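The tour below goes from one selection to the next and says what is found at each stop.

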Amino acid sequence: MRSVPDRNNRLPREVCIASIDLRGIWPEETVEKRIEDILRRMENVYSFEPDVICLPETFQTSWVNERKKLDEYAEDEEVPGPVTSIIAEEAKKQNCYIVCPLVTKNEGHYYNSAILLDRKGEISGVYHKTHLVPSEIIEVGLTPGTIEPPVFETDFGKVGMQICYDANWFDSWDHLKKQGAEIIFFPSQAPFINVLKHHAWINQAYIVSSTGEGARIIDITGDEIAVSGMFERWVCATVNLEKALLHVWPFVRKVDDIRKKYKNKINVKIYHPENWMVLESRDPDIRVKDILREYEIPTYDEHISMNDKVQNEYRH
């Protein structure tokens, strides 16, 4: 039985996401063998018809014994190099986006990057790791990326990226939130599990983690939707972007009326200890923002902002 609906049966803003980890295929002797391993592991998710697949940080060189000079394995950001071309061919064949993390070069600088390939296998965006580990700069020769990371438009919504050590800084994640990122892809070597859960709910974005240790998809509430493990070194699940995080009180008093009117066309989940609730549309013709407007319910962020305004007005 399929665990996710096929493309023809998904809601308009349902996205099927797959993520691959590196566990069990490191250390590896050569870059060529690593790429073969990754391609073989990716085949596990193709039957689910994913809209996007995320690969781990510098997947072709991490924990690989073969040593090459930086200029020998860094790939151009505009003209796809050998590894980018291989992954781009997979994106084209599977009609999906792929987050392809590797070292890139641009105008004499080298970056720890994540390339976003579109459904045609073309480069539609590049993110440069903002917060490099000092050894990446001093010993390897990489350049840190901009402090304000870009957001990329896809046919299912806006996405952003962060890489590994970026998990320790909050400004870049907040910038992605303010730019409207609904899904943030996180290629990494380390898992950063709890901090990612925090980033998910504080920014109300789905986070897709693909690391050397594991892969996971995290809900906007910080809950884990899917996690890889010893029996499957990959995850695949659908997420619904037609969904909002709300503060409970006093708006929970309107939930019964919403349920009576919309029945199974909507899903309301209450997080009692957190004073949160989540409103999700399960109908292609119903938008969450329309229900919130109808019942005069602010989003979580709007609620906090309104409270700040009152508090600051009376603060001495």
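Where is Val-4 found? Select this residue in the predicted model: Val-4 sits in the segment before S1. Its relative accessible area is 4%, so Val-4 is buried. Now show what surrounds the residue. Beyond the neighbours within four places in sequence, Val-4 is in contact with Cys-16, Phe-48, Cys-236, Ala-237 and Thr-238. For a distance check, pick Ile-115 as well: 111 residues separate Val-4 and Ile-115 in sequence, and their C-alpha atoms are 26 Å apart in space.

**Aromatic pairs**

Stay with Phe-48, one of the contacts of Val-4. Over the whole structure, a search finds nine aromatic pairs. Select Trp-26 and Trp-63 to see one that is stacked, with 4.7 Å centre to centre and 20° between the planes.

Phe-48 and Trp-234 are both buried.

For a group of rings, select Trp-201, Tyr-271, Trp-276 and Tyr-300, which form one aromatic cluster.

**Backbone geometry**

Return to Trp-26 and display the backbone. The peptide bond from Trp-26 to Pro-27 is cis, with omega near -5°. Pro-27 is placed in the loop between S1 and H1. Another cis peptide bond joins Trp-249 and Pro-250, where omega is about 5°. Pro-250 belongs to the loop between strand S14 (243-247) and helix H7 (255-262). As background to this part of the tour, most peptide bonds are trans, and most residues other than glycine have a negative phi.

Which value does phi take at Thr-58? Thr-58 is not a glycine, yet its phi is positive, about 35°. Thr-58 is in the loop between S2 and H2 and counts as buried, at 8% relative accessibility. Asn-95 likewise has a positive phi, near 55°, in a residue other than glycine. Look for Asn-95 in the loop between helix H3 (82-94) and strand S4 (97-106); at 36% relative accessibility, Asn-95 counts as partly exposed.

**Helix H5**

Select residues 171-178, which make up helix H5. Which residues of H5 are buried? Ser-172, Trp-173, His-175 and Leu-176 are. Turn the view to look down the axis of H5: the buried residues fall within an arc of 160°, so they line one face of the helix. The face of H5 turned away from the buried side carries the exposed residues Asp-171 and Lys-178.

Next, show what covers the buried residues of H5. The cover includes strand S8 (158-161), strand S9 (183-187), helix H6 (193-203) and strand S10 (206-210). Following the chain past H5 leads to Gly-180, whose phi is positive, near 95°.

**The two domains**

Zoom out and colour the chain by domain: domain 1 is 7-240 and domain 2 is 243-314. Taken over C-alpha atoms, the centres of domain 1 and domain 2 are 32 Å apart. Then select the residues where they meet. Here 13 residues of domain 1 are in contact with 15 residues of domain 2. About 1100 Å² is buried between domain 1 and domain 2, and carbon and sulfur atoms give 56% of that area.

How many salt bridges are counted between domain 1 and domain 2? The count is three.

Methods: Residues numbered from 1 in each chain as written. Predicted model: local features only at pLDDT ≥ 70, side-chain atom pairs only at ≥ 80, totals over all residues. Heavy atoms only, no water. Phe/Tyr/Trp six-rings, centres within 6.5 Å; stacked < 30°, edge-to-face > 60°. Buried < 20%, exposed > 50% of the residue type's maximum accessible area, 1.4 Å probe, protein only. Helix = DSSP H or I, 4+ residues; strand = E, 2+ residues; numbered from the N terminus. Arc of directions from axis to C-beta. Contact = heavy atoms within 4.5 Å. Domains from an automatic or database assignment. Buried area = accessible area lost by both parts, 1.4 Å probe. Salt bridge = Lys/Arg side-chain N within 4 Å of Asp/Glu carboxyl O.
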